[in-house]
Amino acid sequence: PQLTHHTSHSFTKLQATTMGVAVLEMEVTEALLPVAAAAAIFDCDGTLVDSMGWHYRAWVNTCAKFGLTMTKEILVELAGKPVDELFTIICQRSGKTGQVDAKTFFTMRDQWYIDNHELGQLIEPVGTILRAAKARGLRLGVVSGGNTDHVMQSLTEAGILDLFDPTAIICAEHVKHGKPAPEGFELAAARLGVLPSLCVGYEDAKMGMQAIHAAGFMRAVDVTVLPGYPHLV
């Protein structure tokens with residue numbers, strides 16, 4: 001697998017308008033969606049759904065109540081890890097290992113989500129790839145470090161849940177080892193009935209990219225290099 005890079009000639013302007021305004025849409029090139037691919041498997045938060053800013057605000061507000069340090073850089077660095085592992089690392093880095101009750105922390109964080117809900121929005125350049133993959137008849141899956149309820153809600157709000165094989169939406173509860181371990185991507189490929197060597201993986205996080213490579217996918221696509229990607233930092 002290789003990390004894909006885009007060049008200025010890899011994208012083209014389509015003749016489309018929205019409310020009278022010209023729309024720029026990516027050309028889905030071989031580098032982004034190989035012709036030989038049989039399946040496309042996507043991360044959720046920060047890849048399909050523009051939710052990282054919301055997650056950051058939830059974590060930074062909750063961490064502040066317990067004297068824990070959270071920054072945008074830390075969230076980007078650790079993105080993709082299961083939330084319980086993320087919590088443990090933050091406690092360690094804040095010098096509070098064993099001093100913060102995880103159940104209390106996550107109860108407060110979850111309440112923040114409820115009180116400050118934001119609808120999940122599709123990241124449009126990734127949506128372009130998703131639509132192209134669906135049009136070609138590829139099998140589609142999701143691998144996320146989030147819990148099932150959150151992932152299903154995000155995909156529903158973004159209007160894309162029905163594009164995916166429901167058996168291949170892999171969340172934190174479905175694996176023993178989260179990213180950067182390949183287990184989630186391996187499981188999604190198996191549920192889709194496609195060899196890993198015929199799968200393309202899409203990620204916004206370093207640990208997710210590592211997981212795709214380790215799973216033996218034919219290509220790992222870093223969506224943060226796409227034009228119009230909404231960077232957190």
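Modeller: Axes are lines fitted to C-alpha atoms, for helices over the stretch in contact, and angles run from 0 to 180 degrees between N-to-C directions. The model is predicted, so local features need pLDDT of at least 70 and side-chain atom pairs count only at pLDDT 80 or more, while totals for chains, interfaces and linings use all residues. Residues are numbered from 1 along each chain as its sequence is written, and side-chain values use heavy atoms, with hydrogens and water left out.

Biologist: At what angle do helix α3 and helix α4 pack?

Modeller: Helices (H or I, at least four residues) and strands (E, at least two) are DSSP runs, numbered from the N terminus. Helix α3 covers residues 83-93 and helix α4 residues 102-115. Their axes are 12 Å apart, and the packing angle is about 110 degrees.

Biologist: Are α3 and α4 roughly parallel or roughly perpendicular to each other?

Modeller: Angles under 35 degrees count as roughly parallel, over 145 as roughly antiparallel, 65 to 115 as roughly perpendicular and the rest as oblique. The angle between α3 and α4 is about 110 degrees. The two helices are therefore roughly perpendicular.

Biologist: Which residues of α4 make the contact with α3?

Modeller: Contact means heavy atoms within 4.5 Å. On the α3 side, Val83, Asp84 and Phe87 take part. The partners on α4 are Ala102, Phe105, Phe106 and Arg109.

Biologist: How many salt bridges does a search of the whole structure find?

Modeller: A salt bridge is a side-chain nitrogen of Lys or Arg within 4 Å of a carboxyl oxygen of Asp or Glu. One of them joins lysine 81 and glutamate 85 (3.2 Å, N to O). The search of the whole structure gives eight.

Biologist: How many residues apart are lysine 179 and aspartate 43?

Modeller: The side chains of lysine 179 and aspartate 43 form a salt bridge (3.0 Å, N to O). Lysine 179 lies in the loop between β5 (169-170) and α7 (183-192), and aspartate 43 in the loop between β3 (39-42) and α1 (52-65). The pair thus links distant parts of the chain, and the separation is 136 residues.

Biologist: Is glutamate 203 buried or exposed?

Modeller: Buried means under 20% relative accessible area, exposed over 50%, partly exposed in between (1.4 Å probe, protein chains only). Glutamate 203 has a relative accessible area of 0%. Glutamate 203 is therefore buried.

Biologist: Which residues are linked with Lys179 in a network of salt bridges?

Modeller: Glutamate 203 forms a salt bridge with lysine 179, the closest N and O atoms being 2.6 Å apart. Lysine 179 also meets aspartate 43 in a salt bridge. The network joins Lys179 with Asp43 and Glu203.
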